[in-house]
Amino acid sequence: AENKIYRASTTAPVNIAVIKYWGKRDPHLNLPTNSSLSVTLSQSDLRTHTTASCSPTYPPAEGDTLLLNSHPQSLSTPRSLACLTSLRSLRRSLESANPSLPPLSSYPLHIISTNNFPTAAGLASSAAGFAALVRAIADLYTLPQSPEELSLIARQGSGSACRSLLGGYVAWDAGHKGDGSDSRARLVAPRSHWPEMRAMILVASAMKKDVSSTSGMQATVATSSLFRTRAEVVVPREMAAMEKAIEGRDFEGFGKIAMRESNSFHACCLDTEPPIRYLNDVSWAAMQLVQGVNEKVGRVVAAYTFDAGPNCVVYFLEGDRREVVGCLAGCLKEGLVERVEGGVELEDGLEGA
Ligand code: PMV
């Protein structure tokens with residue numbers, strides 16, 4: 001066993017929020033001001049693949065290492081450390097309960113991750129990244145914790161990552177406790193509940209965003225007066241309505257709320273001092289195309305949403321694919337978007353490897 005390398009691999013999908021997380025009530029524990037809700041996309045289009053390994057043969061002086069898309073990255077940031085420390089301590093409890101287990105918790109970890117989409121371009125790369133990191137190490141350590149329990153750990157890496165440990169329609173309940181023990185992911189409905197749902201991503205720019213979500217949120221919380229109303233009044237109302245829309249497979253409701261929510265979030269960004277602008281002209285053109293197809297068809301067949309970047313995610317139902325794709329193909333032809341990540345299906349859940 002002295003030369004052995006222990007290894008586990010996993011993939012984690014991206015999730016795209018329809019009720020946005022924006023604002024931390026505790027930046028150290030990554031506790032949000034408001035609850036949020038997202039849809040987990042298919043791993044075939046946007047995902048992080050991660051292999052975690054550990055071995056007594058890895059040089060202790062190098063410590064834990066991470067290669068992201070072949071580039072070395074630090075694992076000694078407070079967020080990564082929070083995840084690694086929690087996972088190691090769970091493994092240590094397993095080892096003390098069962099002394100015949102190899103002492104993996106004391107070996108250096110080597111993590112290798114690859115994204116099949118641009119990193120930090122507002123395509124929720126940190127969500128898939130930390131979800132995959134936590135899942136891979138939990139599998140390597142054979143931890144018995146449920147995805148919901150692991151979501152508490154992923155949340156400390158990146159808030160939105162807690163939602164990528166579950167498939168389908170996933171809420172992140174803000175929780176009330178100061179220690180964050182009730183701030184975790186909850187399954188609203190599995191993918192199979194509404195299997196016709198699709199998402200399409202219009203990549204307006206694959207460039208790195210200039211305002212990170214953490215610094216943007218902090219500034220919004222500190223300076224925006226719109227934000228207070230959003231967190232206290234708007235989001236609780238929209239969250240309840242969104243859960244109902246999903247429960248009733250009501251796309252009209254789902255779409256209207258998703259678009260209002262995206263607009264409310266970006267309005268708070270603009271209300272921040274100095275103002276934060278994530279949307280660009282291409283984003284606005286995409287919003288107008290979506291509005292146009294909805295008006296043409298006479299009902300909501302497509303719903304846009306934008307995270308901390310200009311890329312447009314459009315949700316639609318498979319039955320309306322022709323209308324939606326037809327209208328959005330127009331913006332590809334006009335050279336507005338770099339590429340379209342095709343009508344991806346949703347994901348049902350993460351499996352250990
Ligand atoms: O998880 P973070 O810190 O990258 O923040 C994500 C924030 C948004 O993507 C804009 C909204 C969300 O709920 O995913």
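Biologist: Where is the place of P274?

Modeller: P274 is in the loop between α6 (251-270) and α7 (281-297). Helices here are DSSP runs of H or I with at least four residues, strands are runs of E with at least two, and both are numbered from the N terminus. Keep in mind that this is a predicted model, where local features need pLDDT of at least 70, side-chain atom pairs count only at pLDDT 80 or more, and totals for chains, interfaces and linings use all residues. Residues are numbered from 1 along each chain as its sequence is written.

Biologist: Thanks! Is the peptide bond from E273 to P274 cis or trans?

Modeller: That bond is cis, and its omega is near -10°. Most peptide bonds are trans.

Biologist: On to phi, then. What is the phi of N69?

Modeller: N69 is not a glycine, yet its phi is positive, near 45°. This residue lies in the loop between β7 (65-68) and β8 (71-73).

Biologist: Why does N69 count as partly exposed?

Modeller: Because N69 has 13 C-beta neighbours inside 10 Å. A residue is buried if 20 or more other C-beta atoms lie within 10 Å of its own, exposed if 12 or fewer, and partly exposed in between, with C-beta atoms placed from the backbone.

Biologist: And what about R249, where is the place of that one?

Modeller: R249 is in the loop between α5 (225-247) and α6. R249 has a positive phi of about 45°, although it is not a glycine. With 15 C-beta neighbours inside 10 Å, R249 counts as partly exposed.

Biologist: Switching topic: how is the protein divided?

Modeller: Into domain 1 (6-189) and domain 2 (197-344), with bounds from an automatic or database domain assignment. The C-alpha centres of domain 1 and domain 2 lie 25 Å apart.
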